[in-house]
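User: I would like to learn how to read domains and surface patches in a model. Please take me through this one.

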Amino acid sequence: MQSPATQVTSLIILATLIFLLMPVFLILYIRLYNKHKRNHVIEKENMKQQFDAEILKTLVEVQDQTMQSIATELHDNVGQLLSLTSLTLNSINLTDQEKAGKKIENSLSLLSKSIKELRELAKLLHGEQMVEHGIGHAIDQEISWLSKTGAYELKVSNDLFDIQVSSPDKDLIILRLLQEIINNIIKHAQATTIQIDTYFSDNKLFLKVKENGVGFNYDETKAKKTGMGLNSIHKRIDMINGKLDLDSSPQIGTTILIEIPYP
Amino acid sequence: MSTFLRWNRAVKMIKIISPSTCVELICLIVAIIFLAKDKSLFWKIAIVYMAITFSTETIASIISKVFHHYNVWLYNLYILVELCFVSFGLYKFLKEYTNPKPIILVGSGLMLLSYSYDLYSHGITELNTITINVSAIIFVIYSLYYFLLLLKDQNFIQLKYHPQFWWVVGVLFYYFGGTVINLFDEVLFDKVSTNNHLRWYIYVLLNVLLYSFWSYSFICRARQRRLHL
C-alpha cells in the first residue's frame with residue numbers, strides 16, 4: 001500500500017501531466033485545422049485561377065466570333081459592293097455622258113452603302129469592348145447583328161439598359177452564352193422566329209431565348225456529350241453559380257432560360 | 001587568493017546555477033542574437049525582459065544560497081514585470097485579430113487588485129500566491145482566446161514559423177501546466193514536505209518549456225523579419 005506522501009506525489013505528477021497534455025492536444029487540433037484551412041485556401045486559389053482562365057478563354061472566343069462576323073461581312077457584303085462599284089466605274093464610257101452620269105451616280109450610291117457597312121463593322125470592332133458599356137448594350141449589339149441577317153423574325157425585350165449594378169466578368173460570360181445560343185440556333189435549329197427576353201430582378205439576371213426550330217432531345221444529347229456547345233454553356237453557367245432551364249421538343253422548338261446571380 | 005577561497009567561491013557559483021537560470025540564459029542569448037536588430041517595440045522589450053528575468057533568478061539564488069536570506073520579496077517585485085510583459089505580448093498579438101483593449105484592461109485591473117490585496121494581507125515578504133493564481137487564469141483565458149481568433153481567421157498562416165503562435169504556446173504551457181501547483185499549492189504541499197522538491201522539478205519543467213518555446217519564437221521572428229512577412 002502506498003503512503004499518503006507517495007499518493008499525493010503521484011496525484012500531482014498525474015494532474016500536471018494532464019494539464020500539460022491538454023495544450024499539446026490543443027496545438028495538434030490547431031495544426032490540423034490550419035492544414036484544412038491551407039487546403040481550402042489553395043483550392044480557392046485554384047478555382048480563381050480556373051475562373052480567370054475561363055474568362056480569358058471566353059474573351060478570346062468573343063473576339064473570335066467578332067472577327068468571324070467581320071470576315072463574313074467583308075467578304076459577303078462590303079467586298080461585293082466594292083467589286084460592283086469597280087465594275088460599274090470600269091464600264092463607264094465617257095463619250096456617252098448621260099449613261100456615264102447614271103453609272104457614276106450608281107457607283108456613288110454603292111460607295112456610300114459600303115461606307116455605311118464599314119461604319120457598322122467599325123461599331124462591331126468597337127463592340128469587342130462593348131461589355132464596358134453594360135450588358136444591356138452588349139446584348140443589343142449582338143441582337144442587332146443577328147437582325148441584319150434578315151433570316152429570322154426577332155421579338156426582343158431587353159430590359160438591361162438601365163441596371164445600376166455591373167459585373168464585367170459575368171457580363172463577358174453572359175454575352176458569350178448568348179453568342180453560343182445564337183450560334184446553335186443558326187447551325188442546328190432551322191428556326192424562323194427567335195424571341196429574346198432579358199431582365200433583372202431580385203439581384204438576378206434572366207436571359208430567355210425561345211425559338212420555333214426543330215428542337216432536340218435534351219437528355220439524350222446531354223448523355224452522349226456530343227453537344228459541345230451545350231456542355232460549354234453548362235460549364236460557364238456553373239462557374240458563375242447560375243441556373244439553366246432548357247425545354248426542347250422535336251418540331252416545336254427550344255426555350256432556354258438562364259438565371260444568374262448578379263452582380 | 002588561497003586555494004580554499006577559490007574552491008569556496010566555485011562551490012557558491014555552482015550553487016547559484018540552476019536549470020532555470022541556465023534555460024533563461026540560453027533564452028536571453030537567443031533573444032540578443034535574433035532580436036537585437038528588430039524594430040518592433042515588443043520584441044525589443046523581450047530582450048530587456050529576458051535580461052531582467054535572468055538577473056532576478058541569479059540574484060534570488062545568490063540571496064538564498066550564498067547569503068541564506070529570504071528572496072521572496074524579489075520574486076514579488078519581479079511578478080509585476082512579468083505581468084506587464086506577458087499582458088503586453090498578449091495584447092499585441094490579440095490586436096492582430098480584434099480590439100483587445102477591454103479584456104486586457106479588465107484582466108490588468110483584476111491582477112492589480114489581487115496584487116494590492118496580497119501586499120495588504122501579508123506584505124512583500126510572503127509570496128503573492130493570489131496574484132499568481134489570478135494572473136495564471138487570466139493568461140490562460142487570453143491564450144485560448146488568441147487560439148480561437150486564430151482558428152476563426154480566414155487567412156491561412158504557416159504555424160511552423162509563426163513567432164506569435166509559439167510565444168503564446170509557451171505562455172499557455174507555463175500558466176496552464178502550472179495550474180496544479182498554483183491552485184492546490186496549500187492543499188498538496190503543506191502537508192507533505194517532500195513534495196517541495198517535486199514543486200521545484202515541476203517549475204523547472206515549466207521554465208524549460210516556456211523559455212524553449214520563446215527561444216523558438218525569437219528564431220521564427222528573425223525569419224519573419226528577414227522575409228518581411
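**Domains and a surface patch**

Analyst: The model is predicted. By its domain assignment, chain A is divided into domain 1 (1–133) and domain 2 (134–263).

User: How many residues does each domain give to the contact?

Analyst: The contact draws 20 residues from domain 1 of chain A and 20 residues from domain 2 of chain A. Taken over C-alpha atoms, the centres of these two domains of chain A are 18 Å apart.

User: What area do domain 1 and domain 2 of chain A bury between them?

Analyst: Buried area is what two parts lose in accessible area on being put together, summed over both. Here domain 1 and domain 2 of chain A bury about 2000 Å², with 62% of that on carbon and sulfur atoms.

User: How many salt bridges are counted between domain 1 and domain 2 of chain A?

Analyst: Four salt bridges are counted between them. Elsewhere in the list of pairs to inspect, E54(A) and K235(A) form a salt bridge, and their closest N and O atoms lie 3.3 Å apart.

User: Which residues form the nonpolar patch on the surface?

Analyst: The patch consists of L82(A), L89(A), I104(A), L108(A) and L111(A), which together have about 420 Å² of accessible area. Helix 1 (4–90) and helix 2 (97–126) of chain A are the elements that give two or more residues to the patch. Helix 2 of chain A supplies the largest share, three residues.

Methods. Residues numbered from 1 in each chain as written. Chains lettered and ligands numbered in written order. Predicted model: local features only at pLDDT ≥ 70, side-chain atom pairs only at ≥ 80, totals over all residues. Heavy atoms only, no water. Patch = residues over 30% accessible without salt bridge, like charges linked within 9 Å, V, L, I, M, F, W, Y side chains within 5 Å. Areas by Shrake-Rupley, 256 points an atom, 1.4 Å probe, with all protein chains shown as cover. Salt bridge = Lys/Arg side-chain N within 4 Å of Asp/Glu carboxyl O. Helix = DSSP H or I, 4+ residues; strand = E, 2+ residues; numbered from the N terminus. Domains from an automatic or database assignment. Contact = heavy atoms within 4.5 Å. Buried area = accessible area lost by both parts, 1.4 Å probe.
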